[in-house]
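Have the structure open as you read.

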Amino acid sequence: MKRTLTCILLLLVAYVSHAGEIIVNPGESLHDALRKAREWRRTNAPQCEGGIIITLKAGRYYMNEPLFLRPEDSGTEDSPLLIQGERDAVICGDVMQKHTQLFPKEGMERMIDFNTVDRTITIPTPPKEVLETKNLEMVVHQRWAIAILRVKEMKVQGDQTIVSFMEPESRLEFEHPWPQPVIGGERGNSSFLLRTTEQRDGVEQLVIVDGADCVIFGTLTFENTCWNRPLHKGHVTLQGGFPLIDAYKLKENPGLPWDEGLENQAWIERPVSAVTVRNSKKVSIISCRFQYLAATAIDFYGVSESSIINNIFEHIGGTAIMVGSFAESPREVHRPYTDLASQCQMLNISANSIHDATNEDWGAVAISCGYVRDCVISQNTVSHVNYSGICIGWGWTPLDTGMRNNLIINNKVSDYARQLYDAGGIYTLSNQPYSRIRDNEISQPHPAPYATNNRGFRIYLDARTDGFTIENNQTGDRLIRRDEIGDNHLGPNLIFKQ
């Protein structure tokens, strides 16, 4: 891994000394610089020989619309496009929205009732000043996820108040089959808080690479983005921070041909990200900093032969690094798809530092991989996240989906599961033949205040996990969740060399 990183950095230096360079100063347009590089490509100008460099001088570059790289911006292996920054070159958007927690002042409170017929939640009556506050949100703790519900109305009935909510989140929250709050059960499954939020839309995306190949981003800072979805639609999720756009339970004759016990039907969409790369190959993000971003920092899908190496992530609202398909709409998420893993393969996610992610959506993760194959996740340091650290796999299926040969090696994960549970330092789903979890250093889960059923593990082998060799990882209590809870149905091809 160190040899690979050194080679990449040396190649960057070589490009700098041989390529055509476009200098951008603060106040000048990144869009114009990219257009100039595109014209060099179109005319096969001599500046293309050895690659094209766009260099941002130190300063802040505000993006009121994302920098959009198209197929026409593609480089080649011999002549890549490098977008790099001098020290303190910052690509930025708007400062993220702020929240003020009103009730309770700290922590969370217990619900009194969760009514799926009337679609209301009954809570202890808040103080008068809270009842009179506009633009309230209720954040609901739901084991491995949260829901953010915009308050429509609060009806006071003495020491109890009945709360109703806006659409579409009201329908999704009360029709969504799992996980729903259970009154009288564990505290983490029936807790809430009320808060206000600054009601404004802001810049959410800084860079979109769509169909452009052989592109490198190096030594840049990406800073300040907003997350507008909760302001307009609330936020009810399935898992891993993925918003539901439709979901319900099969009430009659549950079960489908590929899973006789399946009751859930759900359609999801992808969370917004500051830097999005899709339908591309040979894209690298190296030695960059991502900070104060309200949703996902980096999102790769439909991407192959690409790298995310030696980056720093701090103060991220959602997931820091997201890669692979998660069977987004129009597909129903629980089907065992066979064509998705091959669309996101041969990725290298290495030597990244992720600290303080998932602070807006507690159910997001540090590194999230869906349907992927032939991917390496190595030498990353993960700390201070509210759910799981490194997640790989999707589909909840024992069937062959094309996921295979994924390596999770030499990572350090600590201070995870800070708010939610049913979590793992490393978390897996489904059948992934020839995959390995090896030589990782994983701490105990954080003693989260609402995780009352101890469903937190250093390595969490969840639904239908199979095909992994697990060896030489941390030893100690609560190391691996296998099948002691009895509902994850592990496959027969797991090899433990602990």
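## Cysteines

There are 0 disulfides in the structure, a disulfide being a pair of cysteine sulfur atoms within 2.5 Å. Cys226 is in none, and its nearest cysteine sulfur, that of Cys92, is 12 Å away. Cys226 counts as buried, at 0% relative accessibility; buried means under 20% relative accessible area, exposed over 50% and partly exposed in between, using a 1.4 Å probe and protein chains only.

## About the model

This is a predicted model, so local features need pLDDT of at least 70 and side-chain atom pairs count only at pLDDT 80 or more, while totals for chains, interfaces and linings use all residues. Residues are numbered from 1 along each chain as its sequence is written, and side-chain values use heavy atoms, with hydrogens and water left out.

## Nonpolar cores

The largest nonpolar core has 138 residues. Such a core is a set of buried Ala, Val, Leu, Ile, Met, Phe, Trp, Tyr and Cys residues joined through side-chain atoms within 4.5 Å. Those with the most contacts inside it are Ile54, Leu69, Ile121, Phe217, Phe222, Phe290 and Trp394. Strand β12 (residues 145-157) gives the most to this core, 7 residues. Apart from it lies another core, of 5 residues, including Ala19, Ile53, Ile216 and Ile286.

Leaving aside residues up to four places away in sequence, Phe290 touches Phe222, Val275, Ile285, Ala297, Ile298, Asn311, Ile312, Phe313, Glu314 and Ile316; contact here means heavy atoms within 4.5 Å.

## Ala33 in helix α2

Ala33 belongs to helix α2 (residues 30-42). Helices (H or I, at least four residues) and strands (E, at least two) are DSSP runs, numbered from the N terminus. With a relative accessible area of 6%, Ala33 is buried. It touches Ile22, Val24 and Ile54, again not counting residues up to four places away in sequence. The C-alpha atoms of Ala33 and Ile54 are 7.1 Å apart, with the two residues 21 apart along the chain.

In β11 (residues 136-142), 7 of its 7 residues are buried. Leu136, Met138, Val140 and Gln142 cover one side, with Glu137, Val139 and His141 on the other.

β11 pairs antiparallel with β14 (residues 191-197) over 5 bridges, and 6 bridges join it to antiparallel β12; pairing takes at least two DSSP bridges. Met138 stands opposite Leu194 in β14 and Leu149 in β12.
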